[in-house]
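Let's walk through this one together, question by question. Here is the structure to look at first.

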Amino acid sequence: MSEIPYKIYLSENEIPTAWYNVRADMKNKPAPLLNPGTGEPLKAEDLYPIFCEELSKQEMNNDDQWIDIPGEIVDFYKMYRPSPLVRAYCLEKELDTPAHIYYKFEGNNTSGSHKLNSAIAQAYYAKKQGLKGVTTETGAGQWGTALSMATAYFGLDCQVYMVKVSYEQKPFRREVMRTYGATVTPSPSMSTNVGRKINEEFPGTDGSLGCAISEAVEAATSQEGYRYVLGSVLGQVLLHQSVIGLEAKAALDKYGIKADTIIGCAGGGSNLGGLISPFVGQMLRGEADYDIIAVEPASCPSLTRGSYVYDFCDTGRVCPLAKMYTLGSNFMPAPNHAGGLRYHGMSSIVSQLYDDKLIRATSVKQTDVFAAAEKFARVEGILPAPESSHAIKVAIDEALKCKETGEAKNIVFGLTGTGYFDLVAYQKYNDGVMDDYIPTDEDIAKSLSQCPKIG
Ligand SMILES: Cc1ncc(COP(=O)(O)O)c(C=O)c1O
């Protein structure tokens with residue numbers, strides 16, 4: 001076998017031209033979305049008032065294994081894809097491990113994360129439908145930034161509700177969004193009914209993704225020519241993010257490398273779902289086996305400590321009900337620094353795969369995550385996003401286990417983004433004033449007790 005380069009690049013012609021829909025290969029399909037009023041399963045048409053039509057169809061599509069990527073989206077992908085699969089030789093040396101570590105780096109675009117892969121697709125379908133604009137929420141700010149780049153490209157208006165704690169911690173990310181023409185409002189705001197209600201109920205709240213989603217949905221449904229778009233959780237987003245896994249697999253295949261362990265951080269599940277989709281597809285078809293690990297923050301542990309039940313996707317309870325591992329839609333995660341992982345639930349697809357034991361999950365404390373982030377930055381050069389650093393932490397742990405056992409496992413993890421806008425968090429860590437917030441069983445039981453009682 002030829003020497004494996006530091007960076008395995010595919011050529012432009014190897015960018016995927018179809019997304020892979022893992023649901024088609026799942027024997028146990030993700031549970032359907034339910035109408036929050038009637039409890040009945042939703043059809044694509046029921047989603048048209050909220051989502052673009054084509055995206056609603058993708059949301060409901062459990063059957064087509066492959067969905068063609070429109071040429072205009074592939075052309076946009078060419079500006080920043082294929083993303084490299086990097087062999088972390090320097091990290092391996094630092095850890096003195098026999099393991100081979102690879103990471104798929106999605107931070108090499110101005111938005112700084114994988115979110116652009118779905119943002120451009122969602123903006124494309126909104127444009128194609130003749131809409132004026134879209135509304136959304138953003139946690140850490142990466143999704144809002146990605147969406148504002150995508151909407152600027154297609155000449156659409158973009159209204160972003162940004163979780164208040166991130167709005168305050170990351171003023172520069174806000175300015176990037178405004179530079180691309182988006183309007184950014186801290187959430188919960190006083191400009192929507194649901195925002196005013198949440199502010200009244202939780203005075204002084206730092207906000208959460210669940211609150212911001214409710215506000216963005218209200219803004220979309222109350223304005224003519226607008227629809228709501230979401231950067232994670234939904235099946236359509238995982239579908240778009242399958243480009244990550246398809247490219248990663250093609251790069252590994254090029255050098256005859258068979259991954260043993262695949263690791264991704266999990267907020268709403270989109271990067272993890274996208275990275276693992278083609279590999280899980282092989283598992284579902286009985287072609288290969290992998291150890292797949294979802295990593296979540298100990299402060300917001302939906303897979304490892306939540307329940308697998310129907311719940312609202314948002315705090316304001318205006319969105320459809322989804323069956324997922326959840327901490328309860330009014331769970332208010334402590335203000336940890338991985339804003340993109342502060343979501344109470346998990347993608348229905350990832351939840352079903354986890355429930356079927358095709359993947360496993362672990363949770364990690366944020367000070368341990370930042371220690372891993374610094375180690376990685378110092379040897380591999382890239383300053384990782386706090387979210388991505390959850391995967392780094394577990395990749396390091398797995399590589400150190402190999403040191404004990406002497407196994408030369410191939411460990412692949414998703415490095416979803418860069419942390420240049422997360423320097424307040426790095427500052428806290430460097431000053432030794434970062435805390436680890438872990439919810440108590442009572443906290444979780446309290447919010448879970450308010451989940452709707454379905455079936
Ligand atoms: C850099 C980065 N990684 C990961 C995530 C988590 O989202 P998801 O679980 O949908 O990939 C986010 C979300 O904002 C993010 O910004």
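Buried means under 20% relative accessible area, exposed over 50%, and partly exposed in between, with a 1.4 Å probe and protein chains only. This is a predicted model, in which local features need pLDDT of at least 70, side-chain atom pairs count only at pLDDT 80 or more, and totals for chains, interfaces and linings use all residues. Residues are numbered from 1 along each chain as its sequence is written, and side-chain values use heavy atoms, with hydrogens and water left out.

Q: Is Phe376 buried or exposed?
A: The relative accessibility of Phe376 is 0%. The cut-off for burial is under 20%. Phe376 therefore counts as buried.

Q: What is the centre-to-centre distance in the aromatic pair of Phe376 and Phe413?
A: Rings of Phe, Tyr and Trp (its six-membered ring) pair if their centres lie within 6.5 Å; planes under 30 degrees apart count as stacked, over 60 as edge-to-face and the rest as tilted. Phe376 and Phe413 have 75° between their planes, which makes the pair edge-to-face. Their ring centres are separated by 6.2 Å.

Q: How many residues apart are Phe376 and Phe413?
A: Helices (H or I, at least four residues) and strands (E, at least two) are DSSP runs, numbered from the N terminus. Phe376 belongs to helix H15 (residues 366-380) and Phe413 to strand E15 (residues 410-415). The pair links distant parts of the chain, 37 residues apart.

Q: What angle lies between the planes of Tyr124 and Tyr125?
A: Both residues are buried, Tyr124 with a relative accessible area of 10% and Tyr125 with 6%. They form an edge-to-face aromatic pair, 5.1 Å centre to centre, and the angle between the planes is 75°.

Q: Which residues of H8 make the contact with H6?
A: Contact means heavy atoms within 4.5 Å. H6 contributes Gln142, Gly144, Thr145 and Ser148. On the H8 side the residues are Arg173, Val176 and Met177.
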